[in-house]
Amino acid sequence: MGHFICYPPIELDVMSILSYTPLLQHPTTPDYYISVNAISINGEGRHFDGLGHGGVKLSTMVPYTTLRSHIYRSFLKNFVKATRGIPRAKRVKPFDLCLKTRTLGWTRVGLPVPQIDLELANGKNRTIFGANSMKKVSDNVACLAFVDGGKRAEQAVVIGSYQMENNFFLFDLVESRLGFSSSLFFVRTTCANFNFTSTL
């Protein structure tokens with residue numbers, strides 16, 4: 001397989017920082033899925049029933065990760081608990097939890113809020129940091145960018161495009177696996193900095 005080079009500040013082959021998990025496909029749909037055993041917030045709240053025996057769907061068409069109602073309520077409850085020391089702001093649709101951010105500051109990977117881990121079936125974690133979990137809606141307000149898909153949502157969980165921004169995903173169809181990075185902000189780059197002409 002080739003190389004995926006990004007700049008600046010260093011020349012980095014993103015292939016060197018990828019983790020992998022099996023990539024699932026269903027015979028009746030062209031969509032791609034991964035197996036997720038649990039969702040945790042700061043390592044807690046791991047018991048989410050009904051994450052989908054057929055896998056969790058990946059979608060660039062859905063703007064924010066969507067969870068079936070019973071999963072969403074438990075997830076939201078745990079995130080509310082984990083952020084109880086942060087002042088609340090008025091809700092902004094379609095989000096249910098919004099925080100005042102003026103006193104929080106920013107880190108390399110966004111707001112310093114609890115990390116969200118997707119605990120994958122092969123023992124890997126895909127960690128979502130503030131840059132991909134909180135949507136800035138004003139100078140002083142950011143909202144948890146996960147939404148309630150309803151009680152009868154077709155998919156238990158759909159990972160949306162906001163949770164994929166500035167993370168690198170490699171759909172390796174030959175090996176039936178998904179390669180994924182953490183936030184590219186950790187290595188001080190973004191998806192916009194890829195050099196697609198490199199022949200390394």
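How many disulfides does the structure hold? The structure holds 1 disulfide, a term used here for a pair of cysteine sulfur atoms within 2.5 Å. This is a predicted model, in which local features need pLDDT of at least 70, side-chain atom pairs count only at pLDDT 80 or more, and totals for chains, interfaces and linings use all residues. Residues are numbered from 1 along each chain as its sequence is written, and side-chain values use heavy atoms, with hydrogens and water left out.

**View 1. The disulfide between Cys 98 and Cys 143.** The two sulfur atoms are 2.0 Å apart. The torsion about the S-S bond is about 100 degrees, so the disulfide is right-handed. Cys 98 belongs to strand S10 (residues 98-100) and Cys 143 to strand S14 (residues 141-144), so the bond ties together parts 45 residues apart in sequence. Strands are DSSP runs of E, at least two residues long, numbered from the N terminus.

**View 2. Burial of Cys 98 and Cys 143.** Cys 98 is buried, with a relative accessible area of 1%. Cys 143 is also buried, at 0% relative accessibility. Buried means under 20% relative accessible area (1.4 Å probe, protein chains only).

**View 3. The open sheet S3-S18-S17.** The sheet has 3 strands with antiparallel pairing; two strands pair if DSSP finds at least two bridges between them. Strand S3 (19-22) and strand S17 (167-172) are the edge strands, each pairing on one side only. From one strand to the next, the twist averages 25 degrees, where axes are lines fitted to C-alpha atoms and angles run from 0 to 180 degrees between N-to-C directions.

**View 4. Pairing of S3 with S18.** Strand S18 (residues 177-183) runs antiparallel to S3, and 4 bridges join them. Pro 22 stands opposite Arg 177 in S18.

Terms used. Buried < 20%, exposed > 50% of the residue type's maximum accessible area, 1.4 Å probe, protein only.
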